[in-house]
Amino acid sequence: MSAPSLVVPPTRGRLTRRISSDAATREALSMGPTVVVPPKHLMAPSSANEVAAAMETARHELDNASSPISPYSPSETSVTDKYAYAFDIDGVLIRGGKPIPEAIEAMKVLNGENEYGIKVPYIFVTNGGGKTEQERCVQLSQQLEMEVSPGQFICGHTPMREMAEKYNTVLVVGGEGEKCRHVAEGYGFKDVVTPGDIIKDNQDTTPFRQLTTEEYQNSRARNFGEVEIEAIFVFADSRDWASDQQIILDLLMSKNGRLGTRSANFDEGPPVFFSHNDVVWSTSHDLTRIGMGALRVSLEAMFQAVTGKKLETTAFGKPQIGTFQFATRLLQQWRKDTHGIDSPPDTVYFVGDTPESDIRGTNEFDKHADNSWYSILVRTGVFEAGTKPRFQPKATVDNVLDAVKHGMEREYKKALKQSMQSAPVAEAIALE
């Protein structure tokens, strides 16, 4: 069943929206054809098709509505095929592990509780990681009081799964305990090494760090004098910069990734990949905290200080174009599987808080994409009031709810304008 092409239900050739009776101001009524309805009917839950396929831990499916619906029924919603949303998480929806106050309401609006009577597909694109997509989805579902599927979720390291066939033995750095090893193995990497494994084999590798009893038990024993590590992946923020950087530097200066060796020209070590490049990020602290991008800068500076050569590293995540391309594929698949829409949206509204990654990446990708990517910056995260971002968004709003309303109102006005332009043509055809 194909999805409707208009953002709001049509009536007699004109576009109509519905507003609550307590919101029917003169300004609201001036925005084109409007049906005023009681709020309690407007906010009734939708019975339209909704699927949240959360794989092992969050799988759930709602029944499809099969009976004919009236375009004027306030309890019914349709799914727009014209546009979609993509959200960053930290600083936009969540801050310090808690939902930003407007975030829950914003999701309700997208899920049909709005005056236009529509649902809008959306995905989440975060530079964060260190856990499986399933685990992050369960966590986000609890925080936002709704179901989130891995099919609509991208971590910073999610695109790395496409490299599992290229490398055999890899070092995975960052995160809590063994979680990043489990993530990498879930992606299909065949032989995953952690810094703990290396320290367990040779305690002198990191003179100032000793493994805890739990770390020692979880680390895997092997002789790294006989192992060649083919690539280094920083999946999540390092919990111990000194030891992790020491191990990475040892490998970068080695002969073909074999620990305990040294390359004559320091050009035989394995490549190193970072899941994102955010230098700072938004937490529960009043000020921004340094992130993985800072680790990358530090590692490159140390390599040059020790070897006299420049280190070339690769970053995934935002603002890299590859991550937005991956997001495009995910969004198209999600719309197809969940809503039966087998086509890309005309516009994707990307809502973020970091100009250097969210806004920069969206604006750059918009230049290359076949459709339109529209950047919206919120003031609830990294962005500081009174400053002028180096990378300018298409719109700047206070919070994620305002971002959602901005895009939906913009789409309504676009559709209304198109309808009014096509009305004279339709009338002429009718007269003939």
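**Figure 1. Packing of helix α6 in the predicted model.** The buried residues of α6 pack against α5 (133-144), β14 (169-173), β15 (191-193), α7 (195-201) and α8 (213-218), in a model that is predicted. Within helix α6, which spans residues 179-187, the buried residues are Cys180, Arg181, Val183, Ala184 and Tyr187. Viewed down the axis of α6, these buried residues fall within an arc of 160°, so they line one face of the helix. Gly188 follows α6 and has a positive phi, near 105°.

**Figure 2. The aromatic pair of Phe87 and Tyr122.** Among the 21 aromatic pairs that the structure holds is that of Phe87 and Tyr122, whose ring centres are 6.4 Å apart and whose planes stand at 75°, so the pair is edge-to-face. Because Phe87 belongs to strand β8 (residues 83-87) and Tyr122 to strand β12 (residues 122-125), the pair ties together parts that are 35 residues apart in sequence. Phe87 counts as buried, at 0% relative accessibility, and Tyr122 is likewise buried, with a relative accessible area of 5%.

**Figure 3. Lys200 and the ring of Tyr216.** The charged end of Lys200 sits over the ring of Tyr216, at 4.6 Å from the centre of that ring.

Figure 4. The structure holds zero disulfides, and the view shows Cys155 together with Cys137 and Cys180. For Cys155, the closest cysteine sulfur is that of Cys137, at 7.6 Å, which is too far for a bond, given that a disulfide requires sulfur atoms within 2.5 Å. Cys155 counts as buried, at 1% relative accessibility. Cys180 is in no disulfide either, and the cysteine sulfur nearest to that of Cys180 belongs to Cys155, 10.0 Å away. Cys180, one of the buried residues of helix α6, has a relative accessibility of 2% and therefore counts as buried.

Key: Residues are numbered from 1 along each chain as its sequence is written. This is a predicted model: local features need pLDDT of at least 70, side-chain atom pairs count only at pLDDT 80 or more; totals for chains, interfaces and linings use all residues. Side-chain values use heavy atoms; hydrogens and water are left out. Rings of Phe, Tyr and Trp (its six-membered ring) pair if their centres lie within 6.5 Å; planes under 30 degrees apart count as stacked, over 60 as edge-to-face and the rest as tilted. Helices (H or I, at least four residues) and strands (E, at least two) are DSSP runs, numbered from the N terminus. Buried means under 20% relative accessible area, exposed over 50%, partly exposed in between (1.4 Å probe, protein chains only). A charge sits over a ring if NZ of Lys or CZ of Arg is within 6 Å of the ring centre and within 35 degrees of the ring normal. The arc is that of the directions from the helix axis to the C-beta atoms. Contact means heavy atoms within 4.5 Å.
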